[in-house]
Protein chains: 2
Amino acid sequence: MEVVKAFLKSLQKEEALNLTGGKRGRITIHEVASAAGVSISTASKALNDTGRMGAETRERIKRIAGEIGYRPNALARGLLSKRSFTVGLLTNDTYGRFTLPVMAGISDALVDHGVSVFLCAIEDDPALAQTHVDAMLDKQVDGIIATGKRLDRRLPVDLSNLHVPVVYAFTEGTQDSVTFRSDDEQGARLAVEWLLKAGRRRIAHITGPEEFFSVRERAGAYHQVAGHREPVLYGVWSESWGHEAIGQLWKRSGEKPDALFCGNDQIARGAVDALRERGIKVPQDVSVIGFDNWEIVAAQTRPPLTTVDMELKELGRQAGLTVLALAEGRPVEPGVRKLPCRLIVRQSCGGNAPKE
Amino acid sequence: MEVVKAFLKSLQKEEALNLTGGKRGRITIHEVASAAGVSISTASKALNDTGRMGAETRERIKRIAGEIGYRPNALARGLLSKRSFTVGLLTNDTYGRFTLPVMAGISDALVDHGVSVFLCAIEDDPALAQTHVDAMLDKQVDGIIATGKRLDRRLPVDLSNLHVPVVYAFTEGTQDSVTFRSDDEQGARLAVEWLLKAGRRRIAHITGPEEFFSVRERAGAYHQVAGHREPVLYGVWSESWGHEAIGQLWKRSGEKPDALFCGNDQIARGAVDALRERGIKVPQDVSVIGFDNWEIVAAQTRPPLTTVDMELKELGRQAGLTVLALAEGRPVEPGVRKLPCRLIVRQSCGGNAPKE
DNA sequence: GTCAAGTGGGAAAAGGTTTTCTCATACAAT
DNA sequence: ATTGTATGAGAAAACCTTTTCCCACTTGAC
């Protein structure tokens with residue numbers, strides 16, 4: 001309601017603006033038409049390469065439009081076409097660790113199509129989420145992409161019966177929706193196989209809380225590939241847990257691990273630090289591999305971490321293209337699409353950098 | 001006659017709606033009007049609390065609108081009012097370290113006003129930047145906020161002669177524009193004074209590249225408050241530089257510093273690690289203070305870093321409110337506005353946690 | 001009984017664009 | 001000369017709201 005009030009006020013102000021500086025009033029297709037001495041219909045058809053007209057007329061109109069700096073009003077166009085060339089990105093990942101790459105991918109894929117992206121950060125606040133969704137719907141977004149920080153959690157808002165397409169990326173979607181996620185199992189396999197290939201045999205797995213779906217998936221792949229040689233240490237997603245886990249492992253009797261597969265880069269970093277404090281050399285004595293490829297952590301660790309990248313930008317790109325396809329009415333098969341992870345080789349494992 | 005025609009038309013539309021499953025075609029004010037048995041003008045006036053009509057008529061229309069789930073089409077509204085309730089955020093900070101808090105502040109301030117935010121990440125690519133700006137302008141944004149990762153650099157695109165208001169936040173603006181930035185001088189003073197208050201006297205300053213404006217400003221404040229007791233070590237913004245700087249300092253003859261004021265949290269972290277490796281205790285032997293309050297770094301350091309927070313979210317909030325004011329034609333004094341920093345007390349300095 | 005003022009509500013224009021339909025001209029074929 | 005057929009271009013409707021008139025009716029006063 002207060003919105004409307006402000007709106008009234010702004011209308012009054014506009015005249016004042018005209019008086020003060022004449023900044024208002026964009027160039028419309030009417031200006032183009034009258035400058036070219038044609039009707040607006042002809043101008044429109046010329047600019048959109050539709051309709052029939054003389055080639056030289058078309059060219060002339062286009063030229064004039066360019067010269068006077070005409071740009072079509074997307075609001076008017078959207079009103080008619082029911083396409084706003086706008087999508088919304090909804091996220092509850094306040095920190096942006098996952099959202100930012102996804103966002104970059106979406107934007108990257110859609111900017112060529114003239115689509116802009118509303119970013120809405122909702123912090124697990126259902127009311128805020130609903131406010132944002134309503135605002136986007138009012139603005140006639142062509143679609144919504146929901147993203148989060150966890151594969152097995154929903155956003156705190158129901159997106160299932162909207163009249164615009166919804167695509168889920170890195171968060172749990174509804175039945176019959178399109179969902180993009182990383183293939184954590186494959187990523188974990190990549191990591192463990194790399195350690196095996198480096199000749200390591202006693203590979204430990206230090207990871208996050210067991211209730212995370214991706215933790216269980218990665219641990220499963222670890223068990224499968226590594227063959228249960230070492231136990232899995234579940235904890236939290238922090239450096240200090242990585243540090244502490246090394247304490248636990250080295251307190252035990254028997255042979256120590258010669259490799260660590262860590263659930264994320266922060267844990268890996270904590271572990272590497274702990275190993276250094278014990279005088280254990282990475283990668284000579286112990287190889288360490290992380291997960292996430294969070295540059296700020298992985299690249300700044302000494303030595304820099306070899307790690308698994310979930311290719312979130314590519315994930316965002318595909319989510320963007322998919323929501324666009326849906327918006328244009330092209331058919332898209334519903335279901336969960338797993339995108340492969342990629343191993344980023346740095347120096348914490350020995351081994352060589354990848355060819356590419 | 002007219003009435004009958006409109007009625008027929010609406011009937012047809014409704015049938016079509018029912019056939020397709022009801023997903024297409026949002027509810028418009030026409031539906032509200034016909035459901036309430038009034039004209040669309042009356043419906044509009046009822047919903048906007050304008051015009052004259054019976055109180056019970058107004059209430060009835062509002063109730064019906066609510067019941068059938070009417071939401072006004074922002075495109076149509078915007079076309080008329082020339083306000084889209086949309087602003088653009090332009091950033092070249094790919095990593096999001098600075099942009100994300102700023103974005104959060106903007107969104108936080110504007111969501112109550114029904115304004116949504118386009119996020120455009122341009123990676124120092126002028127062509128990409130222009131594409132995004134054009135797309136936003138076409139979509140009739142009410143204003144643009146430009147933000148970056150450095151106070152003394154411009155975005156690679158000229159925003160000076162747009163017909164929408166532009167506000168700069170954490171990036172260099174043009175003459176006569178409104179610019180928000182952190183008060184790095186005050187922030188640095190805060191840090192050094194805190195160290196002095198903790199009884200430290202030999203305070204070293206390890207910081208980033210001298211060509212950064214904020215580096216010089218912070219160093220200036222350091223000199224002023226600490227009284228030149230120790231030299232300034234300029235380097236790069238990385239942990240390894242912090243690590244190396246400790247090497248340089250401790251290689252020198254004479255008394256060692258008893259406190260470090262670091263140019264950012266990464267440097268501080270590198271320094272803390274280096275000190276620990278030398279068996280020097282933080283904060284008992286040396287107090288360390290960082291800058292940025294980048295949680296992922298500051299909170300995970302052992303011990304967690306006391307650091308200076310630039311209050312970027314508040315900065316974003318003010319930038320958002322300012323661009324809104326400008327969009328509504330309210331007068332705003334141009335110039336640079338410095339926002340105070342805040343000291344976040346953790347454990348790397350001794351001292352107590354703040355009261356609040 | 002007429003007039004003025006007040007009240008409740010509607011018709012229509014406006015905003016910028018696209019699209020469908022119609023019209024006018026020219027030219028070829030009959 | 002008449003019909004038929006391309007061809008080029010314009011008029012008008014449509015998208016959904018808001019806002020500005022304007023009309024019809026009631027009431028009270030003279």
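1. In this predicted model, the largest nonpolar core holds 90 residues, and those touching the most other members are A:Phe261, A:Ile289, B:Phe261 and B:Ile289.

2. The surroundings of one of these residues can be listed. Leaving aside residues up to four places away in sequence, B:Ile289 touches B:Ala191, B:Trp194, B:Leu195, B:Leu260, B:Phe261, B:Cys262, B:Ala268, B:Thr306, B:Thr307, B:Leu343 and B:Cys349. There is also a second, separate core of 36 residues, with A:Val141, A:Val166, B:Leu137 and B:Leu155 among them.

3. The next topic is the DNA. DNA strand D is surrounded by 31 residues, of which A:Ser39, A:Thr42, A:Lys45, A:Arg52 and B:Ile29 are the closest. Of the atoms of DNA strand D that come within 4 Å of the protein, 55% belong to sugar and phosphate.

4. The surface near DNA strand D is made up of 13 nonpolar, 11 polar and seven charged residues. Several helices each supply at least two of its residues: helix 1 (2-20), helix 3 (40-48) and helix 5 (74-81) in chain A, and helix 2 (29-36), helix 3 (40-48) and helix 5 (74-81) in chain B. Helix 3 of chain B gives the most, namely five residues.

5. A base nitrogen of DNA strand D lies 2.9 Å from a polar side-chain atom of A:Arg52. For A:Thr57, an N or O atom in the side chain is 3.1 Å from a phosphate oxygen of DNA strand D. A:Gly54 instead places a polar backbone atom 3.4 Å from a phosphate oxygen of DNA strand D.

Conventions: Residues are numbered from 1 along each chain as its sequence is written. Chains are lettered from A and ligands numbered from 1 in the order in which they are written. This is a predicted model: local features need pLDDT of at least 70, side-chain atom pairs count only at pLDDT 80 or more; totals for chains, interfaces and linings use all residues. Side-chain values use heavy atoms; hydrogens and water are left out. A nonpolar core is a set of buried Ala, Val, Leu, Ile, Met, Phe, Trp, Tyr and Cys residues joined through side-chain atoms within 4.5 Å. Buried means under 20% relative accessible area, exposed over 50%, partly exposed in between (1.4 Å probe, protein chains only). Contact means heavy atoms within 4.5 Å. A residue is near a molecule or strand if one of its heavy atoms lies within 4 Å of it. A polar contact is a pair of N or O atoms within 3.5 Å; within protein, one must be able to donate a hydrogen and the other to accept it, and residues adjacent in sequence count only if both atoms are side-chain atoms. Helices (H or I, at least four residues) and strands (E, at least two) are DSSP runs, numbered from the N terminus. Ala, Val, Leu, Ile, Met, Phe, Trp, Tyr, Cys and Pro count as nonpolar, Asp, Glu, Lys and Arg as charged, and the others, Gly among them, as polar.
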